[in-house]
Amino acid sequence: MLRHHMAGTTGKQGQPIPPLSPCIRHCCLDDNDICIGCYRSLTEILKWSGASDETKLNILELVSDRKAVRRQIKK
């Protein structure tokens, strides 16, 4: 996972940096309602803005897993 997505990372003022959205603005859902741009489910996308940092990190782990599976399928 990318460093800037990790909870506990601090910025210049020592403030925690919240996990960043994986959105890359290539929004299109596949047949399973998974975005082919950011690999989040429609439900995950909808709840992202109100989610806790812990929930966002859990979503990012799922995103990472989905990317790995998609790469294996493409080979």
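Here is a walk through the model, from the whole chain down to single residues.

First, some ground rules: this is a predicted model, where local features need pLDDT of at least 70 and side-chain atom pairs count only at pLDDT 80 or more, while totals for chains, interfaces and linings use all residues. Residues are numbered from 1 along each chain as its sequence is written, and side-chain values use heavy atoms, with hydrogens and water left out.

Start with the overall picture. The protein chain has 2 helices and 0 strands; helices here are DSSP runs of H or I with at least four residues, strands are runs of E with at least two, and numbering goes from the N terminus. Of the chain's 75 residues, 24% count as buried, where buried means under 20% relative accessible area, exposed means over 50%, and partly exposed is what lies in between (1.4 Å probe, protein chains only). The accessible surface of the chain is about 5,500 Å², and carbon and sulfur atoms own 53% of it; these areas come from the Shrake-Rupley method with a 1.4 Å probe, and for residues only the protein chains shown count as cover. Among contacts with a separation of 6 or more, 38% join residues 24 or more positions apart, a contact being heavy atoms within 4.5 Å.

Now take a look at α2, which covers residues 53–74. This helix has 22 residues and runs 31 Å from first C-alpha to last, close to the 32 Å expected at 1.5 Å a residue (the expected span is 1.5 Å times one less than the number of residues). Which residues of α2 are buried? They are Lys 56, Ile 59, Leu 60 and Val 63. Viewed down the axis of α2, they fall within an arc of 105°, so they line one face of the helix; the arc is that of the directions from the helix axis to the C-beta atoms.

Next come the charged pairs. Side chains of opposite charge can pair when their charged atoms come close. The structure holds 2 salt bridges, each being a side-chain nitrogen of Lys or Arg within 4 Å of a carboxyl oxygen of Asp or Glu. In one, Glu 44 meets Arg 66, with the closest N and O atoms 2.7 Å apart. Glu 44 sits in α1 and Arg 66 in α2, so this pair ties together parts that are 22 residues apart in sequence. Glu 44 is buried at 7% relative accessibility, whereas Arg 66 is partly exposed at 23%.

In the other, Asp 30 pairs with Arg 70, with 3.0 Å between the closest N and O atoms. Asp 30 lies in the segment before α1 and Arg 70 in α2, so the pair ties together parts 40 residues apart in sequence. Asp 30 is partly exposed at 21%.

Most residues other than glycine have a negative phi. Arg 25, in this segment, has a positive phi near 65° and is exposed at 68%. Tyr 39, also found before α1, has a positive phi of about 70°, but Tyr 39 is buried at 13%.
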